[in-house]
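Welcome! Have a look at the structure below, and then let's walk through its disulfides together.

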Amino acid sequence: MTSGSTREEGAVPARRPRRRKGKTALSLAAFAAVAVVTVSLLTGWPFGDERVEHVSGAGPLQSHTDTGTTSVYAPKKAPWTVTFGSYLLCSTSGDPITIDGIRYRTPVKPRSVSLKLRTVTPHMWKATVDAGQIGAALGAPPHFQQRKAPGEYKDVRTGSRITQSCADQDKEGTGFTELLFVLDVGKQGGYINTAWIDYHVKGNPYTLRLDWKMVACGSRIPHTVGGTVVCDGKQD
């Protein structure tokens with residue numbers, strides 16, 4: 001799956017899962033910083049350099065969000081927390097997938113980044129529209145400032161498993177597993193421009209590359225990200 005559109009908002013409301021390509025924007029201004037590569041979870045993989053890197057739709061692990069931009073306006077007070085989601089993970093073959101680690105690159109480094117897996121069951125899905133995927137939301141799970149987002153939240157760990165098939169996930173009301181990036185942000189803002197999910201299935205190692213850009217506005221955020229103007233407004 002590849003790139004597409006642009007959208008501006010303050011915090012993305014609840015909605016039903018759908019395949020997402022393109023760009024989302026919520027915004028403020030600044031200048032570029034040196035890229036920093038951050039490795040989350042395991043620092044060494046058991047498969048060395050043998051991993052096959054792929055984009056969504058070209059390997060066993062798929063994400064419904066993979067290429068585009070979401071930016072979130074900075075509130076009046078710092079530090080603050082923002083959660084980026086909509087990475088609905090599933091197995092294209094139906095075989096269980098085991099996560100080995102998640103890496104990400106931060107051109108503007110936030111104070112910290114944590115990773116969560118949110119599981120929404122069919123029962124939760126049918127009970128309320130609030131169970132929809134999280135595009136971006138102020139606050140950290142499970143307590144967000146402007147919306148409810150029921151689900152089971154767990155830290156992403158080495159050995160975390162994705163068991164839902166993509167064919168099953170595409171059916172209405174079957175629930176989903178969503179990867180969340182939770183950024184603690186200071187006045188300079190925070191920006192992740194690429195993430196890599198290292199995983200294996202049936203003993204074979206792969207890496208899913210996500211090129212969705214996650215921008216938390218602040219003083220060091222560039223005026224444009226990927227050719228799109230970001231952070232040119234204020235939080236509602």
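What follows is a short report on the cysteine bonds in this model.

## Overview

The model shown here is predicted. It contains two disulfides. A disulfide is a covalent bond between the sulfur atoms of two cysteines. If you number the bonded cysteines of the protein chain in sequence order, they pair as 1-2, 3-4.

## The C90 and C166 bond

Let's begin with C90 and C166, whose sulfur atoms sit 2.1 Å apart in a disulfide. The torsion about their S-S bond is about 95°, so this disulfide is right-handed. C90 belongs to strand β5 (residues 80-91) and C166 to helix α2 (residues 166-169), so the bond ties together parts that are 76 residues apart in sequence.

Are these cysteines buried or exposed? C90 has a relative accessible area of 0%, and is buried. C166 is buried as well, with a relative accessible area of 6%; the cut-off for buried is under 20%.

## The C217 and C231 bond

The other pair is C217 and C231, a disulfide with its sulfur atoms 2.0 Å apart. Here the torsion about the S-S bond is about -90°, so the disulfide is left-handed. This pair links distant parts of the chain, 14 residues apart. C217 is found in the loop between β15 (204-216) and β16 (224-225), while C231 is in the segment after β17 (228-229).

As for solvent, C217 and C231 are both buried.

How values were computed: Residues numbered from 1 in each chain as written. Predicted model: local features only at pLDDT ≥ 70, side-chain atom pairs only at ≥ 80, totals over all residues. Heavy atoms only, no water. Disulfide = S-S within 2.5 Å. Helix = DSSP H or I, 4+ residues; strand = E, 2+ residues; numbered from the N terminus. Buried < 20%, exposed > 50% of the residue type's maximum accessible area, 1.4 Å probe, protein only.
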